[in-house]
Amino acid sequence: MRKRDEIKQVFEKYITALEEFAPERLRELTTEEVKGHFSNVGETSGQDELIQALTWTGMKMNVSRRQIVNFVVRTDGERAQQSAYEMVLMGYDNGSFLFPFEYGGKYVNSYVHTEEGWKICEIRYDMDWEKGNTYFAKDWKFIDYKIFAGHRPMISSEYDSPWAVIPENDEELSDEEQIQENMFKYSFGLDNCDWTLHKDSYTDDIVFYSGDSVMEAGARNLINNFKNTSHKEPALEHAIKIVDIQVNGDEAILIGYRIEPHRLGSKNLNRDTLHQNFYSARYRNKLKKIEGKWKMYEIHYKAGVFFETSREKKHYVDEF
């Protein structure tokens with residue numbers, strides 16, 4: 001099994017432990033001296049503090065679902081750096097009404113390889129948004145909408161991103177995996193205001209289409225547009241479900257759905273829609289391989305809320 005697949009399993013076990021309110025399981029997944037940096041529950045040092053901080057202290061919930069998107073991992077020998085976005089839905093269903101609490105955020109985790117396999121040695125987490133009954137987690141630190149990131153950022157992309165920590169990945173990726181990672185580089189750079197990283201995902205002559213109209217043409221204009229957007233709200237989160245990747249020689253098309261559970265417009269989360277996955281936009285992006293690297297040269301973004309119904313319990317949402 002490739003290192004990236006082993007690490008993907010470790011992170012899923014981490015997410016499952018939180019989803020099932022069983023943080024004690026993290027002892028098997030982390031080093032004894034693991035460090036934690038969480039915008040919502042604070043700083044931790046060692047397994048005991050980590051488990052205590054991640055123990056749910058609110059009322060008992062009978063609804064719990066966590067989904068992983070934008071997963072990236074880069075490896076170099078016995079170390080690895082991994083990022084991902086997480087979408088969380090918790091709540092209490094009293095048989096006639098659903099009382100939901102939702103939130104989402106970004107992870108950056110550092111790993112070391114041990115005799116027992118890959119283990120997490122450092123965790124960084126920034127909450128990006130919350131929705132619903134936040135009183136369920138009244139002891140957490142929530143977002144201050146007046147400041148960048150909504151809190152003191154735990155993640156600094158220029159220092160912590162997988163691309164910054166491990167510039168050269170030591171495992172070969174397929175074209176599809178490279179294209180997927182390129183899309184997530186676009187999101188991670190944009191959402192963390194790391195404009196150098198963000199720009200590396202597309203060509204200088206990039207054209208961004210909003211519906212049938214050109215919103216911006218050229219990297220300079222697109223970056224300035226996104227800089228303006230980043231000033232309008234504390235945190236951006238471009239979480240994307242990859243639906244399909246089509247490779248034809250040195251050209252490719254990526255199809256993706258944007259996930260924004262906190263921006264559903266007229267749609268409502270309730271008992272009847274609990275198994276519906278909501279999306280706020282569709283991507284159809286064109287890429288080409290330039291000197292061995294895939295880059296986007298057209299981004300087609302069509303906004304509009306839609307949903308899929310699924311009762312499948314699945315943490316990694318990508319279909320590709």
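Is Glu-308 buried, partly exposed or exposed? In this predicted model, where local features need pLDDT of at least 70, side-chain atom pairs count only at pLDDT 80 or more, and totals for chains, interfaces and linings use all residues, Glu-308 comes out as partly exposed, with a relative accessible area of 25%. (Buried means under 20%, exposed over 50%, and partly exposed in between, with a 1.4 Å probe and protein chains only.) Residues are numbered from 1 along each chain as its sequence is written, and side-chain values use heavy atoms, with hydrogens and water left out.

Glu-308 pairs up with Lys-241 in a salt bridge, with 2.9 Å between the closest N and O atoms; the term covers a side-chain nitrogen of Lys or Arg within 4 Å of a carboxyl oxygen of Asp or Glu. Lys-241 sits in strand 9 (residues 239-248) and Glu-308 in strand 12, 67 residues apart, so the pair links distant parts of the chain. Strands here are DSSP runs of E, at least two residues long, and helices are runs of H or I with at least four, both numbered from the N terminus.

Asp-318 itself lies in the segment after strand 12 (293-309). It is buried but has no salt bridge, and the nearest side chain of opposite charge, Lys-8, is 6.2 Å away. (Lys and Arg count as positive, Asp and Glu as negative; His and the chain ends are not counted.) What Asp-318 does have is a 2.9 Å polar contact with the side chain of Gln-180, and its side chain reaches the backbone nitrogen of Ile-242 at 2.8 Å. A polar contact is a pair of N or O atoms within 3.5 Å; within protein, one must be able to donate a hydrogen and the other to accept it, and residues adjacent in sequence count only if both atoms are side-chain atoms.

Elsewhere, 6 strands make an open, mixed sheet in the order 2-1-6-5-4-3, where pairing takes at least two DSSP bridges between two strands. Strand 2 (42-45) and strand 3 (63-76) are at the edges with a single partner strand each, so one side of each lacks a neighbour in the sheet.
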